[in-house]
Amino acid sequence: MADETAAPAAPPHDSRRETMAYVIGVAGWIVPGLGHALMKMWGRAVMCFLTVGLLVILGAGMRGNLFSSGGNDAFDSLGYLADLGTGTFYLVARSLEANGADVSHAGGDYGTRFLATAGVLNLLAALHAYEAARGRKA
Amino acid sequence: MNPGMGIKLSHLQSMLLFALLISIAFGFLSRRRPIDRVKYIVWSLFLFLLIGVGIGWAMYPFSR
């Protein structure tokens, strides 16, 4: 006799959809807006790309602190995680900051916030794309 | 842009740019219809600026 209390096995279609959702989420993280673009949400894709890109360019241009993996304390590590959220734009920010960070003035401090916000915003957008791909919200 | 020179922005310009970019991103992510997005962006931008300027004035008595 079959156990009626056991949860039914997920159909293969849902499994494929879940895999695609992961791919879309990771794509959205690596290239800002790509996750939404894969789902043909063009407006959101373009806006994610532009806002994250502008925040990175402004943050690096203001010579904000772009954290690296060898942080001294927990705040440095958190900052590194936030900066990594920009995906490939982290490398763009690195290349723009040829002379390194300068947080001796307010502009550099603002730049640090711009860079971290770009990363967190991109993670939020990637999560949104992942949820939309799962059909939870759009 | 010369990265060595850096972009020079005042406190107000930095706050305005930050608030505008984040408001646009939030508006596009959280609303679907264009009119709803515009409303959300305007409202979010207004609140960003109101709270930013408000906190600035709240700190003013302790600045000297």
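**Conventions.** I number residues from 1 along each chain as its sequence is written, and chains are lettered from A and ligands numbered from 1 in the order in which they are written. Since this is a predicted model, local features need pLDDT of at least 70 and side-chain atom pairs count only at pLDDT 80 or more, while totals for chains, interfaces and linings use all residues.

**Entry 1, chain A overall.** I looked up the secondary structure of chain A and found six helices and zero strands, in the pattern α-α-α-α-α-α along the sequence; helices (H or I, at least four residues) and strands (E, at least two) are DSSP runs, numbered from the N terminus. Of the 138 residues in chain A, 43% are buried, where buried stands for 20 or more other C-beta atoms within 10 Å of a residue's own, exposed for 12 or fewer and partly exposed for values in between, with C-beta atoms placed from the backbone. I then checked contacts, that is, pairs of residues whose C-beta atoms, placed from the backbone, lie within 7 Å. Among the contacts in chain A with a separation of 6 or more, 72% join residues 24 or more positions apart.

Helix α3 of chain A covers residues 42–61, and its 20 residues reach 28 Å from first C-alpha to last, close to the 28 Å expected at 1.5 Å a residue; the expected span is 1.5 Å times one less than the number of residues. The buried residues of α3(A) include A:R44, A:M47, A:C48, A:L55 and A:V56. I asked what covers the buried residues of α3(A). The cover includes α2 (34–38), α5 and α6 of chain A, together with α1 (11–30) of chain B.

A:K40 has a positive phi near 60 degrees and sits in the loop between α2 and α3 of chain A; A:K40 counts as exposed because it has 7 C-beta neighbours inside 10 Å. A:R63, also not a glycine, has a positive phi of about 60 degrees and is found in the loop between α3 and α4 of chain A. Is A:R63 buried or exposed? A:R63 is buried, because 27 other C-beta atoms lie within 10 Å.

In helix α4 (residues 74–84) of chain A, the buried residues are A:G79, A:A82 and A:D83. They lie on the same side of α4(A), because they cover an arc of only 95 degrees around the axis, the arc being that of the directions from the helix axis to the C-beta atoms. The buried residues of α4(A) pack against α5 (89–96) and α6 (106–133) of chain A.

Leaving aside residues up to four places away in sequence, A:L115 touches several residues, among them A:V56, A:G59, A:L66 and A:A93. I also looked up A:T112, which lies in helix α6 of chain A and counts as buried because it has 21 C-beta neighbours inside 10 Å. A:T112 touches A:G64, A:N65 and A:V103, again not counting residues up to four places away.

Chain B has two helices and zero strands, and 16% of its 64 residues are buried. The C-alpha trace of chain B spans about 45 × 35 × 10 Å along its principal axes. Helix α2 (residues 34–59) of chain B has 26 residues and reaches 37 Å from its first C-alpha to its last, close to the 38 Å expected. α2(B) lies largely in the open, because the number of its residues that are buried is zero. The contact between the chains takes 18 residues from chain B and 26 residues from chain A. On the side of chain B that touches chain A, the residues divide into 12 nonpolar, four polar and two charged, with Ala, Val, Leu, Ile, Met, Phe, Trp, Tyr, Cys and Pro counted as nonpolar, Asp, Glu, Lys and Arg as charged, and the others, Gly among them, as polar.

Key
Contact = placed C-beta atoms within 7 Å.
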